[in-house]
Every structure is written in structure tokens, then in C-alpha cells.
Amino acid sequence: MSTTKRYMFRTAVKKEKLELYKTHHQMVWEAVEVGLRNSGVSLLTIWGDKEGGNILQMYIEIASGEELSDITGPGTDGYVPEWEELMQSFFETGQWIEMEEIYTLTQDTSTNATGEKLTELKSILEKLENEGK
């Protein structure tokens, strides 16, 4: 059983604000970092395109018994309104969009289906492939 919950988000930063956004993340406010750590965020990483594109991805891990909105939303230690407002002003849509996990591989396991679910998926795949012909 997993001891962490994982989340992935994406957003687009306004192209003219990308360098400013990166600079802010080289000096994140102490209140933000302390608040996120104290609230239960065990890992948070933000990734950007090496070629300078404006799409960002954010990966977060928290304890499996927690809900992200309960520990990072308004009114929690992990929420600093001034920081959130500043960061959201850099985004094209003003927010991070949560993504769906499609596949995971670890040293010991993967999210591949087994048993009846695998049989069901093979049948669905065969139908979809036949429709595409």
C-alpha cells in the first residue's frame, strides 16, 4: 500500500512573465515553504520546458491519509494568499489544472491491469482497433 498520494498539475505561464516566474522560484518566500512543509507536503517540484516553452508541470506528494485541498487550500498553513495571487497573475488561465495519472512504473510494480480487468481491457482495445480500420 502506498504511503503517499501524488498529484500532477499543468499550467501555462504568460510568455512575457516566464523569466520573472522562474526568478521568484529561486527565492520562494520562507512562509510558503514552511507552510507547505508543516501542512504535510513531502515533495513539490515544478518542471518547465528546457527549450523555453511556457508550459509548466507541478508534481506534489502528500501523506496518503490527507487530501491536498485540506492541507494547501485557503485557511491552511500551506496557503499564503499574497504568494498565490502573485503566482496566479503569471498564468494564462490563472490556475493549475489537475492531470490524470495514466501509467506508473516502479522498481517492484506497475499500474498494468491484471485478471478480469485485463481481459476486459483487451476486449475494448480490440473493438477500438477494429473501428479504426
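How many aromatic pairs does a search of the whole structure find? The search finds 5.

## Basis

This is a predicted model: local features need pLDDT of at least 70, side-chain atom pairs count only at pLDDT 80 or more, and totals for chains, interfaces and linings use all residues. Residues are numbered from 1 along each chain as its sequence is written, and side-chain values use heavy atoms, with hydrogens and water left out.

## Aromatic pairs

Rings of Phe, Tyr and Trp (its six-membered ring) pair if their centres lie within 6.5 Å; planes under 30 degrees apart count as stacked, over 60 as edge-to-face and the rest as tilted. Among the 5 pairs is Tyr7 with Phe9: centres 6.3 Å apart, planes at 15°, so stacked. Both Tyr7 and Phe9 are buried (under 20% relative accessible area; exposed is over 50%, partly exposed in between; 1.4 Å probe, protein chains only).

Tyr21 and Phe91 form a tilted pair, because their planes stand at 50° with ring centres 5.8 Å apart. This pair links distant parts of the chain: Tyr21 sits in helix α1, Phe91 in the loop between α4 and β4, 70 residues apart. Tyr21 is buried at 3% relative accessibility. Phe91 is buried too, with a relative accessible area of 3%. Ring pairs join Tyr21, Phe90, Phe91 and Trp96 into a cluster.

## Sheet

Helices (H or I, at least four residues) and strands (E, at least two) are DSSP runs, numbered from the N terminus. Two strands pair if DSSP finds at least two bridges between them. An open sheet of 4 strands runs β2-β3-β1-β4, with antiparallel pairing. β2 and β4 (97-98) are the edge strands, each pairing on one side only. Between β1 and β3 there are 9 bridges, in the antiparallel sense. Thr4 has Ala63 of β3 as its bridge partner.

## Pockets

A pocket is an open set of points on a 1 Å grid over the protein atoms alone, where a 1.4 Å probe fits, with protein on both sides within 12 Å along at least five of seven lines; lining residues have an atom within 4 Å of a point. Volume is the space filled by probe spheres set on the points, which are joined across faces, edges and corners.

The largest pocket has a volume of about 1000 Å³. Its lining holds 38 residues, with Leu36, Leu44, Met58, Ile60 and Trp96 nearest the centre. β2 supplies the largest share, 8 residues. The second largest pocket has a volume of about 160 Å³. Its lining includes Tyr7, Tyr59 and Tyr103. β1 gives the most to that lining, with 3 residues.
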